[in-house]
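Reader: Before I set anything up, I would like to go through this model with you, one element after another. Could you show me the sequence and the structure first?

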Amino acid sequence: MAGGPAPADAVTVMQRVVILGGGTAGTLTANRLRRELGGRAAVTVVDRDGDHWYQPGLLFVPFGRARPAKLVRSRARQLRPGIGYHQSAAEHVDIAERRVHLENGAILPYDVLVIATGAALLPGETDGLAEAMARGKAFTFYEPGGAAALRDALAAFDGGRIAINVVDMPIKCPVAPIEFAFLADWYFRKRGIRDRVELTLVTPLDGAFTRPVASRELGGLLEDRHIGLITEFNTGEVDGDGGRLVSFDGREVGFDLAVVVPVHGGQAYVSRSPGLGDALGFVPTDERTLQSKASPDIFVIGDAADLRASKAGSVAHFEGEILVRNIRGFLAGDPLAGSYDGHANCFIESGSGKALLIDFNYDTEPLAGRFPGPVGLPLLTESRLNHLGKLAFQQFYWHMLLPGRDVPGLATAMPRAGKRFSAAADTQTVLTGSPRDE
Amino acid sequence: MSTKVYAGTEVTVNDEGFFADAGQWREEMAPEIAREAGLGTLTPRHWQVVTFMRHEYAEKGTGPSVRALSKTSGVSVKELYQLFPKGPAKLAAKIAGIPKPRGCI
C-alpha cells in the first residue's frame, strides 16, 4: 500500500516525482519543484505529444485575431534544465505499486505522482455531435483544428442563425462561450451584416454564468448586444442535417451554424486506473491540500481535479504554490501546511477592444471593485485596460506563469482589498472574514 | 430559509425548497415532495434514483450531476429526464431531501 513519506534514513536517496501532463499545470509544477528542490528530487514530466498550446488564444482564432502557429511552442522547452521529459501517453497508474505504466511500454516508479493531465473533449458523448462536426455543421473552438475550421466557416457565413451551445458543465474556461458571443457580435458588426445574424447562447446553467452577481452583469451585456440567451437547456442531441439542438426534455433550438463546447471528462487512463477517478474521469481531490483522495502520494493540479474551482489556467497558477509546498511537506514527512482557497481570476473579452476582469474564490463570488487592490484594474466592468491586460497575458503566460515565478503583487490567496463586498449576497464573509490582505 | 411540513413533520428548506438538513428527511416525505413538484406516483425506478442520490450525498457531500448520476446509477440520461422532467439532478435531490447539487463553475 502506498504509505506515508520516505523514512528518514532514505533522505540521501533521490526522490522521484513523476508529473503526468506537460500543459499549464504540469509545466509550472515541474519548474517550481525543480527550482525549490534542485537536485534533491528527480522530476520527470510525461506527455503524449510535444506541443504546448496557449489555450486562451484559441478564442481569437475564429475571428482572425490570432494565428494558430503563433500559439504553440515545444513542451520540453518550457521545462527548466534538469527536468526529465518523457513523450508517451499514460496507460494506467498502479496506485498500490506506485508505478505509472506508459503506452510505449515504459514503467515509471514514483515517490510522488502529480496528475496534471487536464480535461478531454468528448463529442462522442452527445448524439449526433461527432457527425455534425465531421460534416461542417458544428464546430468547436476548444481545440486548434476546430478553431481554424470555424474561422473559415465564419468567413463564409453571410447571414442566419448561430447557436453557441454549452452541452454540459464542467467545462474549461467557463466564460469562453460568453466571450465567443461578444466577439461574434463585434465581428459581424465590423463586417456590416450584424442585422442578418442571429446569435444565441444556449446553456445548461440557469443564467449566463454560475455566480449570481457576474451572471447578472454578463446577462445585461448579452442583452445590450441583442444576443439571445436560452438557459437550463440540457443538450441531448445535435442534429446537424436538421439544423437543431434538441434538449433531453424535448425543447429545440434551430441553427444554421452551431458552435458547440462538447462534454468534458478526464483522460481515458484515469478510468483505466482502479480507484483513481470518478464516474467522469476526474480525480477526487482535497480542495484545500490538493492531495488526491485515492492515495496520499498522489497530488492533483488543474483541470484534472474534481474541485469546484473553475477549470482555468489562473486556477492552476494559484494552486501551484500550494501544491509544491505540500509536496515538499509530504516528502519531508511533515503535515501538509498549504491550503488552496479556490482563487480564480479571468479576463472576459467583451468585444470592441474592451474586456472585464473577474476575481473570486470558493467562498466569495466575483464582485465589483478593483484588483488586486483599490488602485488596480477595474473588476466586473468593461474597460480598455482589461483588454490590454488580456493581450499582455500571453507574454506573462510563457515567461512568468509557466516558469512558475511568483508575481509581485499577485498573491496566491484572493485579495479582499478593493472589492465591494456590500453589493453581494456574501454577508457571511463580510461579517466574519479577516481583512488579511488589507 | 423557511419551514415546510411533510408527513406531519416540520422541516427547514431554502428559498428553492431544498432541504437545509438532509438528516430531517424520512422516506414518507418523498411522495409528498414529489407531488408538490408536479410528479405522479413514485415508481421503483424513481426510488432507485432517490436512494442513489442520498447514498452519493452521504459519500461525497453533494448530489451528482445528471451525467455522473447516469454513469454511476446505470439509468440513462434519457430515462432520467422521463422520470424527473426538467432537471433530474435537481428534482431528484429535492425529493431525496438533500441540498441542491452544487453547480460547477
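Reader: Which residue in β2(A) does Q15(A) stand opposite?

Author: Bear in mind throughout that this is a predicted model. Strand β1 (residues 15–20) of chain A and strand β2 (residues 41–47) of chain A pair in the parallel sense, over 6 bridges. Within β2(A), the residue that stands opposite Q15(A) is A41(A).

Reader: Which strands are the edge strands of the open sheet of 5 strands in chain A?

Author: The order of this sheet in chain A is β5-β2-β1-β9-β20, with parallel pairing. Neighbouring strands are turned by 20 degrees against each other on average, direction ignored. An edge strand here pairs on one side only, and that applies to β5 (84–87) and β20 (298–300) of chain A.

Reader: What angle does the direction of helix α1 of chain A make with that of β2(A)?

Author: Helix α1 (residues 24–37) of chain A packs on that sheet, where the strands touched by the helix are β1, β2 and β9 (112–115) of chain A. Taken against the direction of β2(A), the direction of this helix makes an angle of about 170 degrees.

Reader: In the open sheet of 3 strands in chain A, why is one side of β15 and of β17 left without a neighbour?

Author: The order of this sheet is β15-β16-β17 (chain A), with antiparallel pairing, and its neighbouring strands are turned by 15 degrees against each other on average, direction ignored. Strand β16 (residues 244–247) of chain A and β17(A) pair over 3 bridges, and in β17(A) the bridge partner of R244(A) is G254(A). β15 (235–239) and β17 (252–254) of chain A stand at the edges, so one side of each lacks a neighbour in the sheet because each has a single partner strand.

Reader: Which residue in the turn of the hairpin formed by β21(A) and β22(A) has a positive phi?

Author: Strand β21 (residues 344–351) of chain A and β22(A) pair in the antiparallel sense over 7 bridges, and the bridge partner of N345(A) in β22(A) is D359(A). Strand β22 (residues 354–360) of chain A is mostly covered, with 6 of its 7 residues buried. The hairpin leaves 2 residues between the strands, and the one in the turn with a positive phi, of about 55 degrees, is S352(A).

Reader: Which helix gives the most to the side of domain 2 of chain A that touches domain 3 of chain A, and with how many residues?

Author: The domain assignment places domain 2 of chain A at 123–264 and domain 3 at 344–432, and their C-alpha centres lie 26 Å apart. The contact takes 13 residues from domain 2 of chain A and 15 residues from domain 3 of chain A. On the domain 2 side, α4 (176–190) and α5 (212–224) of chain A each supply at least two residues. The helix that gives the most, with 6 residues, is α4(A).

Methods: Residues numbered from 1 in each chain as written. Chains lettered and ligands numbered in written order. Predicted model: local features only at pLDDT ≥ 70, side-chain atom pairs only at ≥ 80, totals over all residues. Buried ≥ 20, exposed ≤ 12 C-beta atoms within 10 Å, placed from the backbone. Helix = DSSP H or I, 4+ residues; strand = E, 2+ residues; numbered from the N terminus. Pairing = 2+ DSSP bridges. Axes fitted to C-alpha atoms, helices over the stretch in contact; angles between N-to-C directions. Contact = placed C-beta atoms within 7 Å. Domains from an automatic or database assignment.
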